[in-house]
Amino acid sequence: VGRLVIVSNRVPPPDTTASAGGLAIGLKLALAREGGMWFGWNGKAAPEASNKPTVVTSDGISYATLDLSRREYEEYYCGYANRTLWPVFHYRVDLAAFDDGFRRIYHQVNDRFARHLGALIEPDDIVWVHDYHLIPLGERLRAHGHQGRIGFFLHIPFPVREILSALPGHDGLVRKLFAYDLIGFQTESHHRAFCDYVIRELGGSVSSAGTARVGTHQVRTGVFPIGIDPDHFARLAVSSGGRKLARRMKDSLHGRDLVVGVDRLDYSKGLPQRLQAFELLLERHAALRGRVSMLQIASPSRSDVPEYTEIRQELERACGHINGRYADFDWVPVRYVNKAYGREALAGLLRVARIGLVTPLYDGMNLVAKEYVAAQDPDDPGVLVLSKFAGAAHQLDGALIVNPHDIGEVADAIRRGFEMDTGERRARWARMMVSLRRDTIHRWRDDFLGALTGEAVALPLTARRPARLRAV
Ligand code: GDG
């Protein structure tokens, strides 16, 4: 077996540590063990696209990156990936831009990436492609002659066919997935939506072992929920950096309880509804006024996409409104922070909070929910309030599961979290830790790559662990 080659839209520089998100760290871990290559965009938009990847080797990993041209940045990255596919896959057809030019450039960039990648890899390399930016990449790589194993993992939801079929050219896009050997989804419901699409829209079939067939094409499919390294994250929370931030946070609270939210600033994360729920909590329970604070960290994201500028403005207004209504000279209900923190700091802050509020309207998995649980003090853990529309809700059954659109229900869950006794909090936390320690980021990698490189067809999805596809 050759090298592992990971392909993702963005490749972080080799020295990134402190500020990288869970996924970037996970992919790096995936390469760390045996080395390999990470291929993708370097995050820069240049006047002209680069016609040769830059390759830098560090700690046994080769980072092969390309510039995007300004036009590709605007039409492939900001355009088709983030103004068309992202909203549609998150059930926001109302926000989607359908533009033939965006679509053309998206396919061109995938072809260009495949051409450069094809020149760098060997036939026995194992190629693992990530996410919606690169759906056609496998098919393009085949067109450029690569015959080795190629797998694809979708980090975001696969929407039900009634939604996906609103996307012009949807069938052509989904058919390209059949060039892969294996497609992985975060949850069974995303997997089911894919199977349903194959059967009803493409007239294909799906075997009980998860092999989808359309005409002469076939692809294996399975469910691989992404995880974190919970023990490592717990150590970050009590590292010197974590403790320092936790101390500053506690000092600033003067004994008040903290509710925390940490999200990329994205309309899929349900931030306006979350703020409304917190406002309703204060409206209904006067005793909580002056007693609780909410910290919302919203790290800037995709700021060249107009819908993201709008959500940012909407949140600023909403926070101003709540603070204007309830703040006192010595207490502000909502602390809204529009910047990114290092991982230790983030872990320390999560540990201080009595309630972790993770209420996306749709989310493939949501790693913050898992990180919040991992960061807690086992003797005195906080309570996770989690949207039923996050993939993580399929695994974290010790959370208070809510409908993020029902702000009354979210407000009640926050209050219930405050009132929950230590015994129940510990029991719920312990249950969630069992699942986090079982389905780690390492297991995610091993299961996916095991299934991709395994010779035989996978076990039926109804096997002992239904949410998992295994190579036999
Ligand atoms: C996509 C899918 C799926 C956030 N703010 C800061 C910061 N973060 C880190 C978090 C977490 C990561 O970024 C965000 O991961 P999520 O899973 O919550 O969300 P997406 O970015 O939307 O990720 C999602 C994921 O892919 C993986 O498959 O779970 O459903 O949408 O690790 O901690 N990290 C630092 N400072 C911040 O301010 N250091």
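Helix axes are lines fitted to C-alpha atoms over the stretch in contact, and angles run from 0 to 180 degrees between N-to-C directions. Helices (H or I, at least four residues) and strands (E, at least two) are DSSP runs, numbered from the N terminus. The structure is a predicted model, in which local features need pLDDT of at least 70 and side-chain atom pairs count only at pLDDT 80 or more, while totals for chains, interfaces and linings use all residues. Residues are numbered from 1 along each chain as its sequence is written, and side-chain values use heavy atoms, with hydrogens and water left out.

The protein contains 16 helices and 16 strands. Its C-alpha trace spans about 65 × 50 × 45 Å along the principal axes. The radius of gyration, taken over C-alpha atoms, is compared with a globule rule of 2.2 Å times the number of residues to the power 0.38. For 472 residues a compact globule would have a value near 23 Å, and the 22 Å of the protein agrees with this.

Ten strands form an open sheet of mixed pairing, in the order β3-β4-β2-β1-β5-β6-β7-β10-β9-β8; two strands are taken to pair if DSSP finds at least two bridges between them. At the edges of this sheet are β3 (54–58) and β8 (205–206), each of which pairs on one side only. Strand β2 (residues 36–46) runs parallel to β4 (residues 61–69), and eight bridges join them. Within this pair, Trp38 has Tyr63 of β4 as its bridge partner.

At the other end of the strand order, β8 and β9 (residues 211–214) are antiparallel and pair over two bridges, with Arg213 in β9 as the bridge partner of Ser205. The β8 and β9 hairpin has four residues between the strands, and Gly210 adopts a positive phi near 90°. Strand β9 is also antiparallel to β10, through four bridges; here Thr211 is partnered by Arg220 in β10. The hairpin of β9 and β10 has two residues between the strands, and Gly215 in its turn has a positive phi of about 55°.

Helix α16 (residues 441–453) lies across β1, β5, β6 (150–153), β7 (182–185) and β10 (217–223), and runs at about 125° to β5. Helix α3 touches β1 (4–10), β2, β4 and β5 (126–130), and its direction makes about 150° with that of β4.

Helix α3 (residues 100–120) in turn packs with α2 (residues 70–89) at an angle of about 110°, the axes lying 8 Å apart. The two helices are therefore roughly perpendicular, a class that covers 65 to 115 degrees, whereas angles under 35 count as roughly parallel, over 145 as roughly antiparallel and the rest as oblique. The crossing of α2 with α3 is left-handed; this term applies if the near helix is turned anticlockwise from the far one by less than a right angle, and right-handed applies if clockwise. Residues of α2 in this contact include Tyr76, Gly79, Tyr80 and Arg83, and those of α3 include Phe102, Ile105, Tyr106 and Val109. By class, the contact of α2 with α3 has seven nonpolar, four polar and six charged residues. Ala, Val, Leu, Ile, Met, Phe, Trp, Tyr, Cys and Pro count as nonpolar, Asp, Glu, Lys and Arg as charged, and the others, Gly among them, as polar.

A further open sheet has six strands in parallel pairing, ordered β13-β12-β11-β14-β15-β16. Its edges are β13 (334–337) and β16 (400–402), each with a single partner strand, so one side of each has no neighbour in the sheet. The twist from one strand to the next averages 20°. Strands β11 (residues 257–264) and β14 (residues 355–358) are parallel and pair over two bridges, and Gly356 in β14 is the bridge partner of Val260.

Helix α12 (residues 343–352) lies across β11 and β12 (292–299), at about 140° to β11. Helix α13 lies across β11, β14 and β15 (383–387), at about 170° to β15. The axes of α12 and α13 come within 8 Å and cross at roughly 70°, in a right-handed crossing. Arg343, Ala347, Leu350 and Arg351 of α12 meet Glu371, Tyr372 and Ala375 of α13. This contact of α12 with α13 comprises four nonpolar, no polar and three charged residues.

Note on methods:
Contact = heavy atoms within 4.5 Å.
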